[in-house]
Amino acid sequence: ICFFNMIILYTLLTIILLLMIWELIMLFLVRNPKVLQKLWRGAKNSIGYLYVHGERKNMVYREDASQYDPELGYTLKPGKFIYTEREFSNSYFVNSLGVRDTEDALVAPDIVIVGDSLALGWGVDQEKTFAKLLENKIRLKILNTSLPDYGTVRQMLILRKVDRSRLQCLVIQCSNNIYNENLKFCLNDNRLQIMREATYHQLAQINNLPKKYYFGKFVFMRIKKKLDGLQSKPVAAEKKINISEEDLFLNVLKHHEDLLASVPVIIVLLLNEKHKSDYFVNSLKQKIAEASNPPFIRRMIVLNAMQHITENDFYLMDNHLNDHAHVILADLLEQTFREQKII
């Protein structure tokens, strides 16, 4: 019995020692991206998860960066703020609409971009975003209304607030972020439910708590993620509804036909986070060609930007695009504009 107890004790001590070593390795890699750069893709993804969920702050809930909006949930706060994380530090200049652009861009823009944090230019200086690079290339006024985590529903709502008197082209950037918002819109009789102001401030308070490191934090996060993945989750009500992502996207657009029908050119630009698949491009191209669709949908142009972007065009730990990716996107859109005779 004594020998058996010693084996158990030895095994427990070994496990504890291995977990401690694992924790130290993960901590070292989170704090030293240059070393992480040399490792394999799986290690990069794993450490990126720890950084994004364990250390990074979300600008959406920062008091100096964002504000509650009763119609949209939140926008950026007009003025200037600096958003700094481990891999970048950028200034944001926000106009009176609450988007990252100049005040002059609000006056009769030629082109409007709606999207989420990828089109916003999270992690990129304002003048290096693809919106500004493209504007300098084609010499047309571009307004970028993209905001973090905005789905298609809120993209359409903020578009309604824009001066569209000279609008020649609308760019709708899509990513994995659109699904949940578009689904909730569909399940709620095609109406959007906006979070209450008290909820927003509660989330802001939680987000702004110091993300302090304690020994064992990363091991705990990895084990919890593994256990969450192994657990059999109950089928949510929305999963019982067999509606594809592309159908949900088109459903939102059809409910804003009065807004979109008069737009000469609509470009759907697919941008996803790192290692996400181009989940609906081919299906969307087929669906928009169906004769039952209104004309503005049938004439939409679908661009899969992920075909032009590599792993090196993303930050190593953060799941957003770097400067080089925005150059690629500006070139891609310029080429498309020329093909469509917008310029």
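How many cavities of 30 Å³ or more does a search of the whole structure find? The search turns up 1. Before you select it, some ground rules: this is a predicted model, where local features need pLDDT of at least 70, side-chain atom pairs count only at pLDDT 80 or more, and totals for chains, interfaces and linings use all residues. Residues are numbered from 1 along each chain as its sequence is written, and side-chain values use heavy atoms, with hydrogens and water left out.

**Stop 1: the cavity.** Select Arg100, Asp101, Leu120, Gln126, Thr129, Ala131, Lys132 and Asn144, which line the largest cavity. Its volume is about 30 Å³. (On a 1 Å grid over the protein atoms alone, a cavity is a set of points where a 1.4 Å probe fits but cannot get out; a pocket is an open set with protein on both sides within 12 Å along at least five of seven lines; lining residues have an atom within 4 Å of a point. Grid points are joined across faces, edges and corners, and a volume is the space filled by probe spheres set on the points.)

Stop 2: Next, show the largest pocket, with a volume of about 960 Å³. Of its 32 lining residues, pick Tyr61, Tyr74, Asp149, Arg154 and Met195, the closest to its centre. Now colour β2 (73-76), α7 (178-187) and α8 (197-207): each gives the lining at least two residues. The largest share, 4 residues, comes from α7. (Helices, H or I of at least four residues, and strands, E of at least two, are DSSP runs numbered from the N terminus.)

**Stop 3: the sheet.** Switch to cartoon and find the open sheet of 5 strands, in the order β6-β5-β7-β8-β9, with parallel pairing. At the edges are β6 (142-144) and β9 (301-304), each pairing on one side only. (Two strands pair if DSSP finds at least two bridges between them.) Zoom in on β7 (residues 169-174) and β8 (residues 265-270), which pair over 6 bridges. Leu170 stands opposite Ile266 in β8.

**Stop 4: two helices.** Which helix holds Ala325? Select α14 (residues 323-339) and you'll find Ala325 there. Ala325 is buried, at 0% relative accessible area. (Buried means under 20%, exposed over 50%, partly exposed in between, with a 1.4 Å probe and protein chains only.) To finish, select α5 (residues 130-138), which lies across β5 (111-114), β6 and β8.

Methods. Contact = heavy atoms within 4.5 Å. Axes fitted to C-alpha atoms, helices over the stretch in contact; angles between N-to-C directions.
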